[in-house]
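Good morning, and thank you for coming.

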Amino acid sequence: MLNQRSLLAALGVLFCLSATGVSFAATLENSGKPNIILVMADDQGWGDTGYNGHPFVQTPALDAMAKDGFVFDRFYAGAPVCSPTRASVMTGRNPIRCKVTNHGRYMRPHEQTIAETLKASGYVTGIFGKVHLGSGQPNSPCNPSGMGFDEWVVGLNFFDNDPYLSRKGKIEHHKGKGSVILMDEALAFLKNHKDGDRPIFTVIWFPSPHDPHTEVPDGPSLYDGKPHAGYYREITLLDQQVGRLRAAIRKMDIAENTILWYCSDNGGLVKETSGGRERKGSIYEGGLRVPGIIEWPARKLKGRTSVPVATFDIYPTLLAMVGVELVAPHPIDGMDVSNIIAGSVTERSKPMGFWHKIQGGQGTRSDKIQKAIMEKQQAGAPLPHDPPRMRKDVDEFPQFPEDTSTGHAAWTDWPWKLHRIGATKFELYKLTDDPMEKTDLSKDPQHAPRRERMQQELDAWMRSVVRSINGKDYQQK
């Protein structure tokens, strides 16, 4: 890999923030590589924030972050459910490529992750919260250590109060609100490493506002009598924790040179505020469109864009922003959107592909599984779930026919979005005119050439994804 000096010299890195009229040519060498913190909610819809106009939910920390930072008005989860989107963040790829076809599937350890790349470039790495991409057992290739993380305290899926969490393979029973506990752990990690000689990469993945909604925010009871009150209480709870994080990194004196990126893992649970048609679990806009904010005070990121950006763009974008070369051994679906953030580019140059339900999901009861492991650990007995949960989706490479079209796929070439539902049903929408995807233009003769071209592009992309899940990406050339 190129080192920091040679990469910046080769690229001639210059950011220009047109949103504020501020230009800067200071290289990373002058200030050191920035810290990176990725924060993700679990099931928060695009409209479930104050800054996006929700009628009553209180999100003062996110509202402040949106005011201080840069807002993606059309930010998309890589999938309409949790595990696949998390894999898209880790790899920059459509999650089906790495076998995370639905919730509860493990990410293949053959993947190159953002944590591995940043760790190789000198970062200390930690992940805290809901991972839902693999095992929490100490010797599994699918645990966070296998993904490139030095330190981790995680749940296997969503958790609420009094969770069982795995600290690098040792299960601990915590008392309190799960979202608060994971922030405690993340802040301790940041504090421990803030004065070290390595920049910090931290992933904080909340278990809220996923049901059953038993966590409540600090302060008086909120939203009594309102629809979905428990859901919105957990959104305010996680907002309080985002506020804790922002205040803590300022107090630690690391906020200035820290990139903080916030989003959700899929559309929300309430269709009316999802930001589009349908909600979580759907390939329509309401299942994919989520809140997205990035801030980096040292670079004065400010403004708002309607250019589409997705979770699979996070990996290549962050590497570009911190001056680390991306040498991708496998096909990447994301793109570097740093120029969109800078305001110098106003259109997306790469279409976005989505695909859901090529396979069904698998249940993962985090507390039940981890409690059973903890009891065995305390008794010095052999651990349960070995080998199935230790190596799930690792050694098996079931072969999908290359013409597989199961489920629901979509191809977005902004502002056009083509849906493929099963083998033969297609729908076409122009999102700038029809954000709720109500008027299907697929049979309009005027749009026949566009539909045919997009069908060909979507089909070619789906074939590429099938080749990936079949393991072709990992074969030595």
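Predicted model: local features only at pLDDT ≥ 70, side-chain atom pairs only at ≥ 80, totals over all residues.

Which backbone oxygen lies 2.9 Å from a polar atom of the side chain of S274? The backbone oxygen of G276 does. Residues are numbered from 1 along each chain as its sequence is written, and side-chain values use heavy atoms, with hydrogens and water left out.

Let me stay with S274. This serine is in the loop between strand 11 and helix 8; helices (H or I, at least four residues) and strands (E, at least two) are DSSP runs numbered from the N terminus. At 2.8 Å, the side chain of S274 also reaches the backbone oxygen of E278. S274 is buried, with a relative accessible area of 0%; buried means under 20%, exposed over 50%, and partly exposed in between, using a 1.4 Å probe and protein chains only. Apart from neighbours within four places in sequence, S274 is in contact (heavy atoms within 4.5 Å) with W46, R279, G286 and R289.

E278 deserves a remark of its own. Although not a glycine, E278 has a positive phi of about 70°, and with a relative accessible area of 32% it is partly exposed. D43 likewise has a positive phi, near 90°. D43 sits in the loop between strand 3 (35-41) and helix 3 (60-68) and is buried, at a relative accessible area of 1%.

Next, the cis peptide bonds. One joins D211 and P212, with omega about 20°; P212 belongs to the loop between strand 10 (200-205) and helix 7 (229-251). Another joins W414 and P415, with omega about 5°, and P415 is in the loop between strand 17 (408-413) and strand 18 (416-421).

Finally, helix packing. How do helix 3 and helix 7 pack, in angle and in axis distance? Their angle is about 50° and their axes are 7 Å apart, the axes being lines fitted to C-alpha atoms over the stretch in contact, with angles from 0 to 180 degrees between N-to-C directions. The two helices are therefore oblique to each other; under 35 degrees counts as roughly parallel, over 145 as roughly antiparallel, 65 to 115 as roughly perpendicular, and the rest as oblique. Helix 3 contributes P60, A61, L62, A64, M65 and D68 to the contact, and helix 7 contributes D239, V242, G243 and R246.

Definitions and conventions: Polar contact = N/O pair within 3.5 Å; in protein donor to acceptor, adjacent residues only side chain to side chain.
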